[in-house]
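With the model open in your viewer, follow the stops below in order, selecting the named residues at each one.

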Amino acid sequence: MAKENKKKRVLVTCLAVVLALVVLLVGGGWYFFYDLTWGPLPQHDGEMRVAGLRDTVEVFRDEWGIPHIYAQNMYDLYFAQGFVQAQDRWWQMEFWRHTASGRIQELTGKKASLMPTDIFIRSVGWRHVAEEEAESYDAECLSNLQAFADGVNAYIMSRELKHLALEYGVLGLIGIDIKVEPWTPADSLSWAKVMAWDLGPSNSGEEKRSTMYELAGKEMTDKWAPPWPFGKKPTILQLDELGMTDVPQAERVNDAIDDAKVETAVLQDILPDVGFGFGSGRAVGSNNWVIGGNTTKSGMPLLANDPHLGIQMPSIWYAIGLHCKPIDGSPPFDVTGFALSSSPGVIIGHNSHIAWGVTNVNPDVFDLYRIKVNPANPLQYEWNGAWRDIKVRQETINFGDGQSPVTIQVRETHLGPIINDNKVDKETGEIQGFNNKDPMALHWTALESGTILKAVTGLNEATNWEEFREALKYWDVPSQNFVYADVKGNVGYQTPGRIPIRAKHHSGLLPVPGWTNEFEWQGFIPFDKLPTVFNPKRGYVATANQAVVPLEYYDMLASELGEGENYAISQEWDYGYRGQRIIELLEKLAPHSIETLQVLQGDNKLISAEELIPYLGRLRFNEPELNAARDWLMKWDYQFDMDSPQAALYAEFWMQLANNLFGDQLPEQIKLEGWAREMWAAYLLMEQPNDTWWDDASTSDVVETRDDILVRSFREGYNNAVATLGNDRSRWRWGNLHTSTFVSNPLGRSGVSFIEKMVNRGPYPTSGCTGTVNNTRWTVHSGSFAVDHLPSMRMIVDLGDLTRSVAIHTTGQSGHPYSKHYDDMIELWRNIKYHPMLWTRAQVEAAAANKLILKPAN
């Protein structure tokens, strides 16, 4: 019995030890997971002592986590902005500055897929330009930049690495060693260069057009990329708004390409897609409009804006309110709206006097130049018959996983850096060094020191139209369509930016010789000659990335600035579908209120579908099922609502039509997008039923015509819809095909399902489509209808009562995946709903969910 009791005691003891070990392991594992995921969440309530502050600062956050900061001096205001944005978005800021500096692999380890991106960014030199820019600013801008950086550093240097962001802990587990460096003014300015790239050269058609001209010929190229439809789609400004009523017949600016003394060539990956940094894909557009009081219910202006950018996690925007009532008697400072987490100030929003919104002008402010390198010396290039020395800088690329660094040499000409040196062999991964065969230099306005932060500061402080325009004189790149409204009832529009004047025979559409000054820029269009209007007679201005002005504007510039030059702002615009629809609804829904503008921002009608579907009505199919489906589609209202079954069928049809019409004849170097360019081209080709584009290049013994391709495309689209969504078309839903997935960099692309689920959100059924006002873009060459660009935020400002203004952005205020504010805006965003844009101190305090008091450390 004693032996049995002893055995039982031993067994119990063993079980107890095992249980204790299990508890320790489980408890330890839970503690590790908790510390990894919830440990980085910042303090939003109570009091904090912060080294570097000069006086007490109050931070109120509402139920959405949107902060309003109240300070007693401007240094503390920008300090606190840096502190607060680092609290909520530090990893985004860290990733952005590494992207802008071509140091992504310091965060990911060495990756073949990222090596070309880091090399390209180093070659372009965004970081170098930002550092030069930081030294050139005036005292006020430098003070704001430094105060912001001081606030960021006060936060990041007070926390353990693992408690700054979940990403450090996860990446550390796989051997990525990251050293957090102090934030600098150049870190803030460098991201502005990235945004300028995303809204500029990344959209350039020079590479594509040169390849198409070489492989498909000019005639076919110009049908695939037709001239902008002046007279058929609305420009932003009208002739009378430019002070032009009696002008001579305008010359088509597109004709400049006919006389261009250039040679075409097959170009590939000269300007790579660096979407890993911004989200997915290249920028496509935005909407804004401003309405005068004569067409609003209140009698005061309304202003709306929704910029369209790559889908990403967290949102590119950070909503914030900045308030300062200086104790020295200086004027109070109040502004609210949307900031970039890496920068001080508010980019889009309103202050006590004015409101403003932006869309991309997409001006042609960059050119590719073919360089002739000295065969006897790769560090010289030809210029006007003589050899010039090339500047060389060395760049070292380090890797977070400890692999040996890689050093490259970057060559720079006076026209710009050579951007196709150091190409990576796709098979071996070898960096190939200097390219002396067909080197290309990039000339771009953003590679010169700029003044955009001075413009942002001026906008935030402006009290009227004159001060608004004065601020925009410093908005150099990326040029934006600015709409304006003020509390006195005025509305207006301004194009800013350094927009080059080219030689008459230099279209800007193709790479040009870089060994002669024949193609050098001739200066810039003076600010006072750039398009502008104040209180237009029609009562509104609406922009959606379409052509800014009628062609006659360029005749006016020529008469005032001199004949013989090319003054084109651009020749590559969005083709006007969104702009046309916005104007239709502005006129149809008047008089306007915040509610009517919400309807407009959420409008899903695709005018391209309205243009193309009638051509299906003329067809007869052998299958009764297809005739019935076609007749059913023709009753559709062209709205891409989430629940629309016809929208699903039309999208499947358009996917097939784009591929069958263009995809079989586009060179392999050209990716078929299926956006507004192809939509407009398809519409024009509908009236040319025997055009070569309609012929299927894969059927050498048959020449297909328009109707052959339409029948095939509808049949294939219908069959694809049935295969994906089932036989009962009444149960089809566009939102089941068209979804938004918000992906965080870099963990959201890790390929590890568990980790991706931690940081990504989606897929979410989504309304809208490429080319609708609610512009949730998808791309044909992807083979899916997944959203890659979207309205990154929506804002409506009521100048009659600023407290009634509303807004939303895509995901949430926080960049911490386990914060409740990481994804709490997604449902509002995708359902076109909004939260209040709090304004007055009383409104902010009444809505406060959290209050944090920051005090000086001593």
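Start by selecting Glu 131 and Arg 127, which both lie in helix 5 (residues 126–136), four residues apart, or about one turn of the helix; helices here are DSSP runs of H or I with at least four residues, strands are E runs of at least two, and both are numbered from the N terminus. This is a predicted model, in which local features need pLDDT of at least 70 and side-chain atom pairs count only at pLDDT 80 or more, while totals for chains, interfaces and linings use all residues. Residues are numbered from 1 along each chain as its sequence is written, and side-chain values use heavy atoms, with hydrogens and water left out.

Glu 131 forms a salt bridge with Arg 127, their closest N and O atoms being 3.1 Å apart; the term requires a side-chain nitrogen of Lys or Arg within 4 Å of a carboxyl oxygen of Asp or Glu. Glu 131 is partly exposed, with a relative accessible area of 36% (buried means under 20%, exposed over 50%, partly exposed in between, with a 1.4 Å probe and protein chains only).

Next, select Arg 498 and Asp 476, a salt bridge whose closest N and O atoms are 3.5 Å apart. The pair links distant parts of the chain, 22 residues apart, with Arg 498 in the loop between strand 19 (491–494) and strand 20 (502–503) and Asp 476 in the loop between helix 12 (465–472) and strand 18 (480–486). Both Arg 498 and Asp 476 are buried.

Finally, move to Arg 830 and Glu 827, a salt bridge with closest N and O atoms 3.1 Å apart. Arg 830 counts as buried at 15% relative accessibility, whereas Glu 827, at 39%, counts as partly exposed.
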